[in-house]
Amino acid sequence: MITHTPQTTLQATTPIISRLQRLDEILERCARAADVPVDELKSHCRRSELVLARHLYSLMARRETNLTAREIGQHINRRHSSISYASATAQSWLSIGDAEFTALYARYMEMRKGVRSNNIY
């Protein structure tokens with residue numbers, strides 16, 4: 001018979017907490033880059049600036065974490081299929097050079113670079 005000790009349970013949940021913190025960081029950076037509130041990114045509003053920011057979040061969360069689309073989607077109240085679609089769409093916008101999305105992506109990357117240079121990332 002296998003029993004679980006509280007220490008084992010804590011070890012199992014610690015990576016989940018840090019993964020959620022990582023998603024929070026990505027989400028906050030996307031919100032700042034798009035100049036929108038984080039709460040609105042989690043809403044179901046379809047305003048274009050929110051759609052672009054959610055697509056950016058989906059792309060960067062897929063690139064910067066090893067989380068599944070389901071886990072990423074749960075963080076912003078979306079289904080896994082929405083995350084898959086958004087990240088693929090965002091990637092295609094980058095590849096064709098969509099001006100609005102490329103500018104948003106550049107702002108995100110500048111923020112990310114600033115965090116890395118401060119040894120926080």
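Reader: What makes the space of about 250 Å³ a pocket?

Author: A pocket is an open set of points on a 1 Å grid over the protein atoms alone, where a 1.4 Å probe fits, with protein on both sides within 12 Å along at least five of seven lines. The largest pocket holds about 250 Å³, a volume being the space filled by probe spheres set on the points. This is a predicted model, in which local features need pLDDT of at least 70 and side-chain atom pairs pLDDT 80 or more, while totals for chains, interfaces and linings use all residues. Residues are numbered from 1 along each chain, and side-chain values use heavy atoms, without hydrogens and water.

Reader: Which residues lie nearest the centre of the largest pocket?

Author: Val 51, Arg 54, His 55, Arg 78 and Ser 82 do, out of 13 lining residues; a lining residue has an atom within 4 Å of a point.

Reader: Why is Arg 112 called buried?

Author: Buried means under 20% relative accessible area (1.4 Å probe, protein chains only), exposed over 50%, and partly exposed in between. Arg 112 has 14% relative accessibility, so Arg 112 counts as buried.

Reader: What makes the pair Arg 112 and Glu 64 a polar contact?

Author: The criterion is a pair of N or O atoms within 3.5 Å, one able to donate a hydrogen and the other to accept it. The side chains of Arg 112 and Glu 64 are joined at 3.1 Å.

Reader: Which residues does Tyr 57 touch?

Author: With contact meaning heavy atoms within 4.5 Å, and residues up to four places away in sequence not counted, Tyr 57 touches Leu 23, Ile 26, Leu 27, Cys 30, Ile 72, His 75 and Ile 76.
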